[in-house]
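Here is a short report on a protein model. Keep the structure in view as you read.

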Amino acid sequence: MCSILQSSAPSIADLVSSAHVSITQLASCVSQELSDGVAGEAAGELIRQVEMLSSLVDLANAVIATRLAQIESSGA
């Protein structure tokens, strides 16, 4: 079990599902903003968001690599 998780914390499967829902909602909002022609945030805020999203992609890729290694080692 993950040392940062406690017994009342959500499972990894729940966290993955929640992340999927959140990213899907984010993509929908950004798409809607573009189609509505809304100016959105200032350039500085957009840069901050891009930096955070890039970090998120890096973390997701690390989790994917770990899960793939677990699948491979299990012989599945």
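## Ground rules

Helices are DSSP runs of H or I with at least four residues, and they are numbered from the N terminus. Leu53, for example, lies in helix 2.

The model is predicted, so local features need pLDDT of at least 70, side-chain atom pairs count only at pLDDT 80 or more, and totals for chains, interfaces and linings use all residues. Residues are numbered from 1 along each chain as its sequence is written, and side-chain values use heavy atoms, with hydrogens and water left out.

Helix 1 has 25 residues. From first C-alpha to last, helix 1 reaches 36 Å, close to the 36 Å expected. The expected span is 1.5 Å times one less than the number of residues. Gly37 follows helix 1, with a positive phi near 70 degrees.

Helix 2 has 32 residues and reaches 46 Å, close to the 46 Å expected. Gly75 follows helix 2, and its phi is positive too, near 85 degrees.

## A salt bridge

A salt bridge is a side-chain nitrogen of Lys or Arg within 4 Å of a carboxyl oxygen of Asp or Glu. The count comes to one. Arg48 pairs with Glu45, with the closest N and O atoms 2.9 Å apart.

Both Arg48 and Glu45 lie in helix 2, three residues apart, about one turn of the helix. An α-helix has 3.6 residues a turn, so residues three or four places apart point the same way.

## A nonpolar patch

Ile23, Leu26, Val30, Leu34, Leu53 and Leu56 form a nonpolar patch on the surface. Patch residues have over 30% relative accessible area and no salt bridge, and nonpolar side chains (Val, Leu, Ile, Met, Phe, Trp, Tyr) are joined within 5 Å. Together the six have about 510 Å² of accessible area (Shrake-Rupley method, 1.4 Å probe, with only the protein chains shown as cover). Helix 1 gives the largest share of the patch, four residues.

Key. Helix = DSSP H or I, 4+ residues; strand = E, 2+ residues; numbered from the N terminus. Patch = residues over 30% accessible without salt bridge, like charges linked within 9 Å, V, L, I, M, F, W, Y side chains within 5 Å.
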